[in-house]
Amino acid sequence: MTYNLYIDGQSVPTTNHMDIFNPATGELLGKCPVATKEQLDMAVAAAARAFKTWSMTSNEERKAACHNIGKILEDNADELAKLLTQEQGKPLNGLGSRFELGGCQGWTHYTADLELPVEIAQDNEEGHVELHRKPIGVVGSITPWNWPLMIAVWHVIPAIRTGNTIVIKPSPYTPLSTLRMIELIAASLPKGVLNVVSGHDELGKMMSEHKDIQKIVFTGSCATGEKIMASAAPTLKRLVLELGGNDAGIVLPDVDPKAIAEGLFWGAFINGGQTCSALKRLYVHADVYEDVCAALTEYVKNIPVGNGLDENIIMGPIQNEMQYNKVKGLVDDAVANGARVLLGANPKGGKGYFYPLTLLADVTDGMRIVDEEQFGPALPIIKYHDVEDALARANNSDNGLGGSVWSRDIEKAKALASRLECGSAWINKHGMIQPNVPFGGIKRSGIGVEFGVDGLKEYTTIQAVFS
Ligand code: NAD
């Protein structure tokens, strides 16, 4: 099937296309439109025209429009989940496509109900000052391939809820599900409010440079985040950058290894590890090291991996060949440098980018799989003897997205977690995010936050009104 762009309330064909393949089977899934610079300009111009009226609509009207989108997502969840599984690889079940579609609906309705009322900064005999939140203009959204629909919703809904208009560009690896979702929801809005263009990475660069886009919201790698910041500088765009992570977890000696195995597994392997806030380095105290390794191995060895359209599967393939080779390279490097394979590490080959769920023991800092973001189904488990040393190693990273502490003693764990250098810290779990809690990275993991009132504010500017 050949897909189209959606610009100014219309389905727009392109002359160029790129083939999109199912990562579980290698079969052609569909043809993605490749937008030209002129088509991007058309989309931005449509969004700029629509901004004039959309920014003036009432709060209630925009709230209702967002709830209506939530309903459209619910009505079309089956179709979108199936397409997402075929395109991204994540299974229908487990924390897969149905879970992602559920998240899209939940985030949409929650964000629809958020309010940014006028705040009173001062009200006394010297004067009255009100703070009004105003939309910014045309927002450019650039998304990655790991959670294509959920991340699109995270960008689109707060933008339109606050009166902005938007042009979204999905990843060239997973464009089809986003094109279809946007077509479905954009038709419910005035024309030009929501537009989608797709193509290669250069299209993202053109958006970052575009003089009529006022803000970029980007989720993706640190390297691309840097480039976007540079491209956006001459036009002084507002930026929210949600970038890569290399989250550490610290397991204290008082844990029950069997009791934490399931939480450690999902923390590290959600979406086959292709999640920004997945647990990517596990530091375990020497007293419980072998027991934690054994409990995790016992849990992970029974996880069914395969084509996600099969209802029995809860873990799919890696999404693309580039990432498959990266994960394989990092695991091979660790094994060559002395890592002990507890599970996996030997892909069978055959159709699809299937890489076995891999657990590596006796890994040390300095190995590439610890120092770099693997973004795949392989977890390095590192032994430590002194908790202060483990904390220093956990913090010895350019990234600062999330981190976790695992212990029976919640207060002790919280005290340690507060010293982790990251935007989100979890106790006895990892990677939980919620629509009411601001989420974002520190250090090289990003700028700004998403979700909740703080996330919504990122789509506005303040006007102070003095009277
Ligand atoms: P990526 O940076 O390669 O691509 C992301 C998007 O940027 C794509 O749409 C791509 O076409 C576009 N792009 C590429 N070059 C560009 C340029 N020069 N200018 C503008 N746009 C450009 O990232 P990815 O591989 O798709 O995603 C994986 C990364 O995203 C991981 O590092 C992961 O940790 C991170 N991520 C972060 C979060 C978060 O919330 N912090 C969430 C999900 C993923």
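A polar contact is a pair of N or O atoms within 3.5 Å; within protein, one of the two must be able to donate a hydrogen and the other to accept it. The legends below describe close-up views of a predicted model.

**View 1. Polar partners of K90 in the predicted model.** The side chain of K90 makes a polar contact with the side chain of E100, at 2.5 Å. A polar atom of the K90 side chain also lies 2.9 Å from the backbone oxygen of N146.

View 2. Helix α3 spans 77–88 and helix α4 spans 97–112, and K90 is placed in the loop that joins the two. K90 counts as buried because its relative accessibility is 2%, and buried means under 20%. Leaving aside residues up to four places away in sequence, K90 touches L84, T85, G96, S97, E100, N146, W147 and N271.

View 3. An N or O atom in the side chain of D201 is 2.7 Å from an oxygen atom of the ligand. For S221, a polar side-chain atom lies 2.6 Å from a ligand oxygen atom. For T224, the distance from a polar side-chain atom to an oxygen atom of the ligand is 2.7 Å. The ligand taken alone exposes 860 Å², of which the protein buries 92%.

**View 4. The ligand pocket and the elements around the ligand.** The ligand takes up the space of the largest pocket.

View 5. W107 is placed in helix α4. This tryptophan is buried because its relative accessible area is 10%, under the 20% limit. Not counting residues up to four places away in sequence, W107 touches M150, V153, W154, I433, Q434, P435 and F451. One of these residues, F451, is 344 residues from W107 along the chain, yet the C-alpha atoms of W107 and F451 are separated by 8.5 Å.

Notes. Residues are numbered from 1 along each chain as its sequence is written. This is a predicted model: local features need pLDDT of at least 70, side-chain atom pairs count only at pLDDT 80 or more; totals for chains, interfaces and linings use all residues. Side-chain values use heavy atoms; hydrogens and water are left out. Helices (H or I, at least four residues) and strands (E, at least two) are DSSP runs, numbered from the N terminus. Buried means under 20% relative accessible area, exposed over 50%, partly exposed in between (1.4 Å probe, protein chains only). Contact means heavy atoms within 4.5 Å. Accessible areas come from the Shrake-Rupley method with a 1.4 Å probe; for residues, only the protein chains shown count as cover. On a 1 Å grid over the protein atoms alone, a cavity is a set of points where a 1.4 Å probe fits but cannot get out, and a pocket is an open set with protein on both sides within 12 Å along at least five of seven lines; lining residues have an atom within 4 Å of a point. A molecule sits in a cavity or pocket if more than half of its atoms lie within 2 Å of its grid points.
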